[in-house]
Each structure stands twice: as C-alpha cells, then as structure tokens.
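Let's take a friendly walk through the charged side-chain pairs of this chain. Have the sequence and the model open side by side as you read.

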Amino acid sequence: DGDIVLIDRSVRTIREQDAIWALTLGDIAMIKRVRVKNDRVSLLSDNDRIPPDEVHHEEVNVVGRVVFIGRRI
C-alpha cells in the first residue's frame, strides 16, 4: 500500500522472464513477476505468503512493464 509505480505502457509483450509487469486477469489488476512457458503464464508474487498462479496466456492482458517502484520511508 502506498507505493508509487511507473509503468511503461509501450511494452505490452512479455519478452523478459521474471521482470515485473502490470497485468489484468479478468477484472482483477495486479503487478507480478511473470514467467512464460509455451502457452502457460506463471504469475509470481514477491510476497512469499502468496503462492504462484498459472494461467493460459490468452487470459492475461499485459498493461505494461513496471520500470520504477518508489516507497516512502
């Protein structure tokens, strides 16, 4: 909560594994690390209490690549 995120919306194709991406899955928006293998996409959280999720690539809408995350100290 409260993080500032800068998203490069010109990059909408996942070409970098384990990069951080802004995505929508149905009506749910999220920021996740992503791994693509064939037609499956693994959605990984930096929070170790949240298990990875795997979905078909057609279910994911890529909003853009996260290029900056800022936090208040």
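Predicted model: local features only at pLDDT ≥ 70, side-chain atom pairs only at ≥ 80, totals over all residues.

Residues are numbered from 1 along each chain as its sequence is written, and side-chain values use heavy atoms, leaving out hydrogens and water.

A salt bridge here is a side-chain nitrogen of Lys or Arg within 4 Å of a carboxyl oxygen of Asp or Glu. By this rule, the count is five salt bridges.

One of them pairs arginine 71 with aspartate 3, their closest N and O atoms being 3.2 Å apart. Arginine 71 lies in the segment after strand 6 (60-70) and aspartate 3 in the segment before strand 1 (4-8), so this contact ties together parts that are 68 residues apart in sequence. Strands (E, at least two residues) are DSSP runs, numbered from the N terminus. Arginine 71 is exposed, at 61% relative accessible area, whereas aspartate 3 is partly exposed, at 34%; exposed means over 50%, buried under 20% and partly exposed in between, using a 1.4 Å probe and protein chains only.

Next, find aspartate 18, which forms a salt bridge with arginine 35 at a closest N and O separation of 2.5 Å. Aspartate 18 sits in the loop between strand 1 and strand 2 (20-25), and arginine 35 in strand 3 (residues 28-37), 17 residues apart. Aspartate 18 is partly exposed, at 31%, and arginine 35 is partly exposed, at 41%.

Notes
Helix = DSSP H or I, 4+ residues; strand = E, 2+ residues; numbered from the N terminus.
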